[in-house]
Amino acid sequence: MVASQNRWSSEVGAEILAQGGNAVDAAVATGFSLAVTLPRAGNIGGGGFMLVHDAASGEDVAIDFREMAPVRATRDMYLDENGDVDPTRSKFGHLAAGVPGTVAGLWHAHQKYGKLPWAQVVEPAMRQARDGIPVSYDMALLLTRNKTRYCANEATCGYFYKPGGVPYAPNDTLVQSDLAHTLELIAEQGVDAFYKGEIAELIIAEMERGGGLIDAASLAAYKPVERDVVRGTYRGYDIVSMPPPSSGGVHIVQMLNVLERFPVAQLGYGSADGLHLLAEAMRLAYADRSQHLADPDYYDVPVAWLTSKEYAQQLAATIDMEQAKRSEDVAPGVEPRPEGIDTTHYSVIDADGNVALVNYTINFSFGSGVAVPGAGFVLNNEMDDFVAKPGVANAFGLMGGEANAVAAGKRPLSSMSPIMVFKDGDLRLASGSPGGSVIITSVLQLIVNVIDHDMNLAEATLAPRMHHQWYPDRIIIESGFSPDTVRLLEAKGHTVMQTPNKMGSLQTVGYRDGTFLGASDTRRPNAAAIAPGNSQTQ
Ligand code: DON
C-alpha cells in the first residue's frame, strides 16, 4: 500500500511492490516519481527524512537527509547593513538554497535496505519525465497564479511554462527532458552523479552565475545520517518518530504525554474543552521548540527531558481548563541540568509489514524558484528554516533562537514529522504531512482522533483540524467547527481565527485485523492510496 500526494506516484510505488520490491524500494521509486509529478514539493533539489520499520527484526531507523548549510554559510548572512533581516534573501533566489540531501538519502536507504536493483527503482520516474505527465488542475492553477515569481528565473520558466511563459492548461502534457536526463545519470551512476559528477557541475555553474554559496566542497561534504528514532507511549500505544533536526517527533511525544493526563475521549472530538486542551498543549510545546530544538550535531537537544512523562506532568499541571494562557506569559521550559550550560509526505507498507515513510521538501512550492539549467529541477529554500536573527519569525511564523542559527554544514530545524504508532508490536498507523508549522499538530490530531476518538483512518484524516503555535497567540481552525464551540473558546480567553486554507495533507498507511489500510488526505488534490493490483496502470 502506498499513500502519496499524487496518484501517478502512488501507482509507481505500487508497481515496484508488485515487482517484488520491499517498502524501501517502493519509497525510493515514489520519491523520484514525485519529483516529476509534484514538482512543487516532490524533489531531488531538497531534503527530508525517512523512517524505516523492519518487520522481521522489529527494528526502526531514522534516516536524516535534511539539507545542510553550504560551507561558506555564516550566522548573519541574511542580515542587511543595519543588522535587520532581509525579508527575501533566505526565501527566494540562490542564497536561499541549502545543499540538497534527497538523492543521497534515497541512495543510502536503498543501498542498505532495498532489494531490487537501483536502476529499476529510478526507471519509472525517468519514464514519467521523458514521456510526460498530464498537468493537473492544481499544478496549472499554481503556475498561473505564481507566474511572476517563477518566471523571474529563466530556467524555471522554461521548465514549467510553454514558450513565452504561457502556463500549461489542465491535461496538457508536461515533458521534462532535462530532468529525465538527470534521472538517467542517477540511475546509471548512482549518488556520485549528483554530488561529484555532471549534475554537481551544473549546480555549481548556476550558483556561480547567481551568487549562491553551494560549491564543490559543500556538495562533496553532504552526508545523510542514520539517527536513533524518538520513542514515546500514549495510552498503551508505542510511538516511533523522527528525532532532531526534526522537531516533530519530540513535540508530538511531548504533547501526547500532556494529553494523556486528561480524559480526552470523554471531552469529545471538536468540543470547546477538547480544543482548548489541544491549544494549551500546543502552546507549551511550540514555546519549547523555539529554544531547545536544532541540529543535534551542533546543539545538545534535551530530547529525554522534553519527552519525559515527568516534564509532561509539570506542564499539564499548569493548564487551566477554564482559562487560556497568554503566550506572553509562557516561556520555554528550563531543563534541570546538574551543570548550568547550556514538505510532501508519503507512506509505504509492504506485504511483509515493512514500513518506509518519507517526508521531504523544498520548503515553499517550487522552493527558491531557482532551477538548475540543464538539470531540470528546482533548488530548495530551506535556509529559511534557520533563524536569520533571534526573535524574528520565519516564513511559517515560527520563533527561534541561537540554537537554530545558521552555521556552515548545519541542518536547519524542521517540522516534518514522519511517525509510526504500534500496539503490542503491530503497526496501527504510519503517517506524515506537509504544511510547515501545522505538520506537527496535524499528525498529533490524527493520532488523538484514532486513539481517543476511535475514528477510522479516513475519518481521522478528514476531520476538521485546529492549530496553535505559541506565537501568533491564537487558535486557527479549519471550517467545520460549530459557532458555539468558537464562542466557548473565546470565553476561555482564546482568539480564534477561521482560515480558508486547509491544514496539511496526511498520507497514512495502516494495518488492522489482517487488512492493510490506506488513507490519503483530500485537502490537497490528486492524492491517492493505492495497493499493488489496484493501480490503473496494471
Ligand atoms: O522542514 C520544514 O519544517 C519546512 N521546510 C516544511 C515546509 C512545508 O511543509 C511546506 N508545505 N506546505
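Good morning, colleagues. Because the model is predicted, local features need pLDDT of at least 70 and side-chain atom pairs count only at pLDDT 80 or more, while totals for chains, interfaces and linings use all residues. Residues are numbered from 1 along each chain as its sequence is written, and side-chain values use heavy atoms, with hydrogens and water left out.

I begin with the helices. Helices (H or I, at least four residues) and strands (E, at least two) are DSSP runs, numbered from the N terminus. Helix H1, residues 7-18, packs against helix H2, residues 23-37, at an angle of about 155°, and their axes lie 8 Å apart. Axes here are lines fitted to C-alpha atoms, for helices over the stretch in contact, and angles run from 0 to 180 degrees between N-to-C directions. H1 and H2 are therefore roughly antiparallel to each other. By convention, angles under 35 degrees count as roughly parallel, over 145 as roughly antiparallel, 65 to 115 as roughly perpendicular and the rest as oblique. The crossing of H1 past H2 is right-handed; a crossing is right-handed if the near helix is turned clockwise from the far one by less than a right angle, and left-handed if anticlockwise.

Which residues of H1 meet H2? On the H1 side they are Trp8, Ser9, Val12, Gly13, Ile16 and Leu17, and their partners in H2 include Ala26, Ala29, Ser33 and Leu34. Contact means heavy atoms within 4.5 Å. By class, this contact of H1 with H2 has 8 nonpolar, 5 polar and 1 charged residues. In that count, Ala, Val, Leu, Ile, Met, Phe, Trp, Tyr, Cys and Pro are nonpolar, Asp, Glu, Lys and Arg are charged, and the others, Gly among them, are polar.

H2 also packs against helix H8: the axes of H2 and H8 come within 11 Å and cross at roughly 165°. That makes H2 roughly antiparallel to H8. The contact is made by Phe32, Ala35 and Val36 of H2 with Leu179, Leu183 and Ile186 of H8. Its residues divide into 6 nonpolar, no polar and no charged.

H8, residues 177-189, has a further partner in helix H4, residues 118-131; the angle between them is about 170° and their axes are 8 Å apart. H4 is thus roughly antiparallel to H8. Among the residues making this contact are Trp118, Val122 and Met126 of H4 and Leu179, Leu183 and Ile186 of H8. The contact of H4 with H8 comprises 11 nonpolar, 1 polar and 2 charged residues.

I turn to the cores. A nonpolar core is a set of buried Ala, Val, Leu, Ile, Met, Phe, Trp, Tyr and Cys residues joined through side-chain atoms within 4.5 Å. Buried means under 20% relative accessible area, exposed means over 50%, and partly exposed lies in between (1.4 Å probe, protein chains only). How many residues does the largest nonpolar core have? It has 84, and those with the most contacts inside it are Tyr234, Leu259, Met420, Leu444 and Ile447. Helix H14, residues 272-292, gives the most to this core, with 11 residues. A second, separate core of 81 residues includes Val103, Ile186, Ala193 and Phe366. Returning to Tyr234, and not counting residues up to four places away in sequence, its contacts include Leu259, Val264 and Ile447.

Next come some loop residues. Gly42 lies in the loop between H2 and strand E2 (47-53). Is Gly42 buried or exposed? At 4% relative accessibility, Gly42 counts as buried. Beyond its neighbours within four places in sequence, Gly42 is in contact with Leu34, Ala35, Thr344 and Tyr360.

Ser327 sits in the loop between helix H16 (309-317) and strand E11 (344-349), and at 0% relative accessibility it counts as buried. Leaving aside neighbours within four places in sequence, Ser327 is in contact with Arg283, His468, Trp470, Tyr471 and Asp473.

Trp470 belongs to the loop between E15 and E16. Its phi is near 75°, a positive value in a residue other than glycine, and Trp470 is buried, with a relative accessible area of 9%. A cis peptide bond joins Tyr471 and Pro472, with omega about -5°. Another cis bond runs from Pro244 to Pro245, with omega near 15°.

Finally, Asp513 has a positive phi of about 50° although it is not a glycine. Asp513 is exposed, with a relative accessible area of 75%. Thank you for your attention.
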